[in-house]
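Have the sequence and the 3D view open side by side.

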Amino acid sequence: MPDAHDPLDALLDLLDLERIERDIFRGESRSALVPRVFGGQVAAQALVAAGRTVPEDRLAHSLHAYFLRAGDPGAPIVYTVDRIRDGRSFTTRRVVAVQHGQPIFHLSASFQAYEEGLDHQSDMPAAPDPESLPTPAEMLPRHLPREVADRLIEARAAVDLRYVDVPPWGSVGQPREPRSQVWFRTNGKLADDPLLHVVLATYVSDMTLLDSVLLAHGRGGWALGDVVGASLDHAMWFHRPFRADEWLLYDQESPSASAGRGLGQARIWTRDGKLAISVIQEGVVRVPRS
C-alpha cells in the first residue's frame, strides 16, 4: 500500500483508478492552488484509463485533449473509454471524464507497437545542471508570500521542479522574453512501466507551460491573482523513451497571446540530450476586471 505521508506515493495512489466496468474507471480528485481540480491530474488520469485498455506492447505516442469545465475537487471523476481503433500498428482510444452528469474533459490518445524508422532531432538547448539550481523549498519563499509559497510547495511535493530563471511571480512588472526553462523529476523512484512515466510527465506538463505567456507581460500569474485563467486544450507527442524519475529539461516559450488566450509550446529533453516529448497548450489568460 502507498505511504499516505509520502507525496509521490499519494500522487501514484491518486492516479491509480478503480475499474468499475470493462471500459469505465473512477478516480478521486483533489484541489490545487485554485478551487478546482488541477488539469494535469485529469489529463494523467484519463491517460491511465486509456492505457489500461491497450495491449502492454503498445506505447503512448500522442494525446490531444480539451478541458471543458472546471473539475470539482470534492467529487470523484468517472472516465469512460471508447475503443476507437485497434490496428496492426496503432491503437486509438477516446476518453470522456464526467462529474455531476456533465463532461469536464475529453482526451484522444494513440498508442503504437514499437518499430524501427528514420531518426533525427533538434539540438538540445543550453541549460545549467539541475543540481546547481535552488530547490522549490529554497526558491519559492524568496518570491512569494510565505502562505502562498507553502501551498505551492505542498501542491508540488511529489515533484522536484527547479526553475532555471526567475519565475513569473518573481519578476512582476518586468516584461521579458517569453521563454522559460525548468528541470523536473519525481521525488522518488518509479516502477519500470513505460505508461507510468508518460502519465507522470503528462501530470507535470500542465504545471508551468503558460509561464512564458506571463513573462511577456510582466504578470505574476494565478498564485498572485494578477491574471485569471485555465487550460483550454493540451497536446503531447512522445518521441523517445524517458524516465520521469530522472531529470528532464522542460524548455517552454509563447509565440502568441491574443483575445484572452495565450499559447505555450515546449520540448522536453532527457539529461543526455534526447528529445523525448513535444507539448503545445492554449489557455485562457485574462487580466482581472477592476
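Which exposed residues does the face of α3 turned away from its buried side carry? They are Ala 137 and Arg 142, where exposed means over 50% relative accessible area, buried under 20% and partly exposed in between, worked out with a 1.4 Å probe on protein chains only. Before going on, note that this is a predicted model, in which local features need pLDDT of at least 70, side-chain atom pairs count only at pLDDT 80 or more, and totals for chains, interfaces and linings use all residues. Residues are numbered from 1 along each chain as its sequence is written, and side-chain values use heavy atoms, with hydrogens and water left out. The element names come from DSSP runs numbered from the N terminus: helices are H or I runs of at least four residues, strands are E runs of at least two.

Now look at the other side of α3. Its buried residues are Pro 136, Met 139 and Leu 140. Down the helix axis they fall within an arc of 95°, so they line one face of α3; the arc is taken from the directions from the helix axis to the C-beta atoms. An α-helix has 3.6 residues a turn, so residues three or four places apart point the same way. The buried residues of α3 pack against α4 and β7 (159–163), with contact meaning heavy atoms within 4.5 Å.

That brings us to helix pairs. Two packed helices are described by the angle between their axes and the distance between the axes. Helix α3 (residues 136–143) and helix α4 (residues 146–155) pack at about 150°, with axes 8 Å apart. Here axes are lines fitted to C-alpha atoms, for helices over the stretch in contact, and angles run from 0 to 180 degrees between N-to-C directions. The pair α3 and α4 is therefore roughly antiparallel; the cut-offs are under 35 degrees for roughly parallel, over 145 for roughly antiparallel, 65 to 115 for roughly perpendicular, and oblique for the rest. On the α3 side, Pro 136, Ala 137, Leu 140 and Pro 141 meet Arg 146, Ala 149, Leu 152 and Ile 153 of α4. Sorted by class, that contact has 7 nonpolar, no polar and 1 charged residues. For these classes, Ala, Val, Leu, Ile, Met, Phe, Trp, Tyr, Cys and Pro count as nonpolar, Asp, Glu, Lys and Arg as charged, and the others, Gly among them, as polar.

Next, find helix α2 (residues 39–51) and helix α5 (residues 194–208), which pack at an angle of about 160° with their axes 7 Å apart. That makes α2 roughly antiparallel to α5. The α2 residues in this contact include Gly 39, Gly 40, Ala 43 and Leu 47, and those of α5 include Val 198, Thr 202 and Asp 206. The contact divides into 8 nonpolar, 5 polar and 1 charged residues.

Helix α5 also meets α1, and here the axes come within 12 Å and cross at roughly 100°. The two helices, α1 and α5, are therefore roughly perpendicular. Leu 11, Leu 12 and Leu 15 of α1 meet Leu 196, Val 199, Leu 200 and Tyr 203 of α5. By class, this contact has 7 nonpolar, no polar and no charged residues. The buried residues of helix α1 (residues 7–15) are Leu 8, Leu 11, Leu 14 and Leu 15. Seen down the axis of α1, these fall within an arc of 120°, so they line one face of the helix. They pack against α2, β8 (179–186) and α5.

Now for the loops. Asp 192 sits in the loop between β8 and α5 and, at 61% relative accessibility, counts as exposed. Setting aside neighbours within four places in sequence, Asp 192 is in contact with His 197 and Arg 243.

Most residues other than glycine have a negative phi. His 100, in the loop between β5 (90–99) and β6 (102–113), has a positive phi near 55°. Ala 259, in the loop between β10 (248–258) and β11 (261–270), also has a positive phi near 55°. His 100 counts as exposed at 62% relative accessibility, and Ala 259 counts as exposed at 69%.
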